Amino acid sequence: MMNTQISGKNDEFETLLCFSKAIAAARHRADLWEIVNEQLLENIGASYYTLCLIHEDTRTHSPFLYSQEKKIKTVTGESPVIHLQHPVDDGVFNKAVETEEPVVFELRSLIRQRNIPAYVIHWYNSGVKEMMLVRVCNGKEPKGVLYLYAMKQGVFSKRRFSFFKSIADQLGTGVSNILANEKIELQLEEIRKYKIQLEQENSYLKEERKKEKHLTGKAVGDSPAIRKVYDLVSKVASSDATVLILGETGTGKELIAHQVHDASPRRDKLMIKVNCAAIPASLLESELFGHEKGSFTGALERRIGKFELADNSTLFLDEIGELPPEMQAKLLRALQEKEIERIGGKSVIKVNVRIIAATNKNLEAEIIAGRFRSDLYYRLCVFPIMLPPLRERREDIPELVSFFMEKYAASSGRKIDGIAPKALEKLKTYAWPGNIRELEHLIERTVLLTSTNVITEVSLPARSKMLFAQPGAETPVRSLADVEREHILKMVKLSKGRISGPHGAAAKLQLPSTTLISKMQKLGIRKEHFIDTGKESD
Ligand SMILES: Nc1ncnc2c1ncn2[C@@H]1O[C@H](COP(=O)(O)OP(=O)(O)OP(=O)(O)O)[C@@H](O)[C@H]1O
């Protein structure tokens with residue numbers, strides 16, 4: 001109606017002002033829809049509108065907003081009719097894109113032309129008489145076209161073209177803001193999804209770890225040697241002190257690291273592990289401290305390092321003795337400063353990480369050889385825990401054997417009721433250079449190979465044919481008691497079991513026989529260890 005149309009410049013100016021204010025506050029398509037529908041259409045005198053945007057391919061366009069559809073999705077970045085793609089060169093749209101001035105079409109004559117787009121026929125059939133197209137730009141670049149439809153002719157008069165153009169300019173700014181906002185919301189939505197996914201993965205992993213621990217992570221054994229270790233674990237766990245776990249391969253260093261973490265106030269977070277020997281030196285820095293995108297060839301994405309991942313938790317640095325010298329310096333700095341820097345990063349990141357390190361190397365010897373920094377050693381060796389080799393806790397062998405039999409019988413669906421005393425004795429007298437891991441693998445193999453419910457045979461490596469390890473066998477660290485025990489046994493066997501007398505073992509060892517006998521008792525050497533029954537060659 002004429003009385004609702006803008007009649008004078010002042011009204012147009014006021015409309016523009018209101019429009020521009022509303023547009024500046026619009027964040028979503030639905031806001032824009034509301035503004036155009038409720039503030040603009042009536043003032044212009046149009047009944048409907050469609051705002052079409054040019055796609056990235058620059059050859060097609062589709063509706064971004066249109067008057068009939070309010071259910072505009074705000075976050076998906078997709079118009080409900082996005083699938084309706086039209087060519088830019090459809091004989092109508094391109095005419096508006098090519099000129100700054102609005103283009104007005106009278107529909108009755110337009111539809112008489114050939115190859116007219118289907119949407120023109122649709123509007124003609126809906127009773128539209130006149131259609132005006134105004135180019136919408138972002139700066140100077142054409143982004144799309146605003147279609148305005150009137151149910152009578154003469155609404156879009158030339159005299160109001162500059163007003164229509166100003167409206168389209170405002171709309172262009174509004175659309176750019178909304179598209180940018182939608183992009184940010186999309187990214188935020190993605191981050192939210194990742195966050196939920198990560199939280200779910202995290203709790204899943206924690207559950208799995210709990211299950212796994214229930215099955216495998218139990219520290220078996222009650223010998224005096226291992227009890228000393230449990231005692232140290234319980235003393236240090238509640239503090240934030242750095243722990244250095246030392247011991248031969250397979251003695252359970254990782255298991256003990258988990259026990260320290262699980263008994264600490266940080267137990268609700270996952271303990272993060274880095275195996276310093278398993279990662280190439282060139283990748284270790286990024287593994288520990290992370291990197292920014294593009295900081296080196298191949299750094300395609302930003303990566304969070306294990307130090308950051310272990311924030312408020314525990315970082316277990318396994319095989320610390322293998323850490324290359326330049327990384328030793330960087331690790332020392334991180335431990336001293338309690339902050340790290342990602343490769344290519346511009347700022348330092350504060351971290352609160354409890355360190356547990358482990359090694360089977362003699363770090364003091366490594367320092368003397370110039371391969372390990374003494375200052376790092378002293379930083380790490382705040383609270384050392386030395387794990388005994390299995391041969392020094394033989395009392396635990398029966399319990400460990402039962403534990404592994406049960407574990408591997410269950411996982412392979414076998415029924416194993418026990419182990420014959422003779423086979424167990426054989427295990428108790430072996431030197432176990434690979435410690436508990438070697439015992440575990442042997443039991444796993446035996447459970448699979450045995451055809452009865454009771455294990456009667458265990459197949460130890462060739463060197464086990466002798467009681468304990470042969471001199472020179474590869475046992476990296478051996479206690480004096482162990483060497484003594486082995487030598488006494490050798491001499492007693494050589495003396496055919498005789499202890500005293502000129503051909504007895506005591507004479508060979510240049511000891512009084514009473515001293516030898518008490519030593520043998522102390523070392524747990526019994527008759528069956530050196531008397532060959534003829535049934536079994538140990
Ligand atoms: N006290 C124990 N009770 C039951 N299983 C144990 C015990 N100690 C170690 N194990 C098992 O022995 C295997 C080796 O242990 P772990 O990996 O902790 O040894 P490690 O000293 O860290 O070895 P490496 O120096 O080679 O890394 C694991 O399967 C572990 O579960």
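In which sense do β4 and strand β5 (residues 130–138) pair, and over how many bridges? The two strands pair in the antiparallel sense over 4 bridges, pairing being called where DSSP finds at least two bridges between two strands. Within this pair, glutamate 106 has glutamate 130 of β5 as its bridge partner. The model is a predicted one, in which local features need pLDDT of at least 70 and side-chain atom pairs count only at pLDDT 80 or more, while totals for chains, interfaces and linings use all residues. Residues are numbered from 1 along each chain as its sequence is written.

Both strands belong to an open sheet of 6 strands, ordered β3-β2-β1-β6-β5-β4 with antiparallel pairing. Strands here are DSSP runs of E with at least two residues, and helices are runs of H or I with at least four, numbered from the N terminus. Helix α2 (residues 29–44) lies across β1 (48–54), β2 (60–66) and β6 (141–150) of this sheet, running at about 80 degrees to β2. Axes are lines fitted to C-alpha atoms, for helices over the stretch in contact, and angles run from 0 to 180 degrees between N-to-C directions.

A second open sheet has 5 strands in the order β8-β11-β14-β7-β15, with parallel pairing. Here β8 (272–275) and β15 (383–386) form the edges, each pairing on one side only, and the twist averages 20 degrees from one strand to the next. Inside this sheet, β7 (residues 243–246) pairs with β14 (residues 354–359) over 4 bridges in the parallel sense; isoleucine 356 of β14 is the bridge partner of valine 243.

Turning to the helices, α14 (residues 397–412) and α15 (residues 421–429) pack at an angle of about 115 degrees, their axes 10 Å apart. Ile397, Pro398 and Val401 of α14 meet Leu424, Leu427 and Lys428 of α15, contact requiring C-beta atoms, placed from the backbone, within 7 Å. By class, this contact has 5 nonpolar, no polar and 1 charged residues. Ala, Val, Leu, Ile, Met, Phe, Trp, Tyr, Cys and Pro count as nonpolar, Asp, Glu, Lys and Arg as charged, and the others, Gly among them, as polar.

Finally, the ligand has 19 residues around it, of which Val220, Thr249, Gly252, Lys253 and Glu254 come nearest; a residue is near if its C-beta atom, placed from the backbone, lies within 6 Å. The shell has 5 nonpolar, 8 polar and 6 charged residues. Helices α8 (253–262) and α16 (435–449) each supply at least two of its residues.

Conventions: Two residues are in contact if their C-beta atoms, placed from the backbone, lie within 7 Å.
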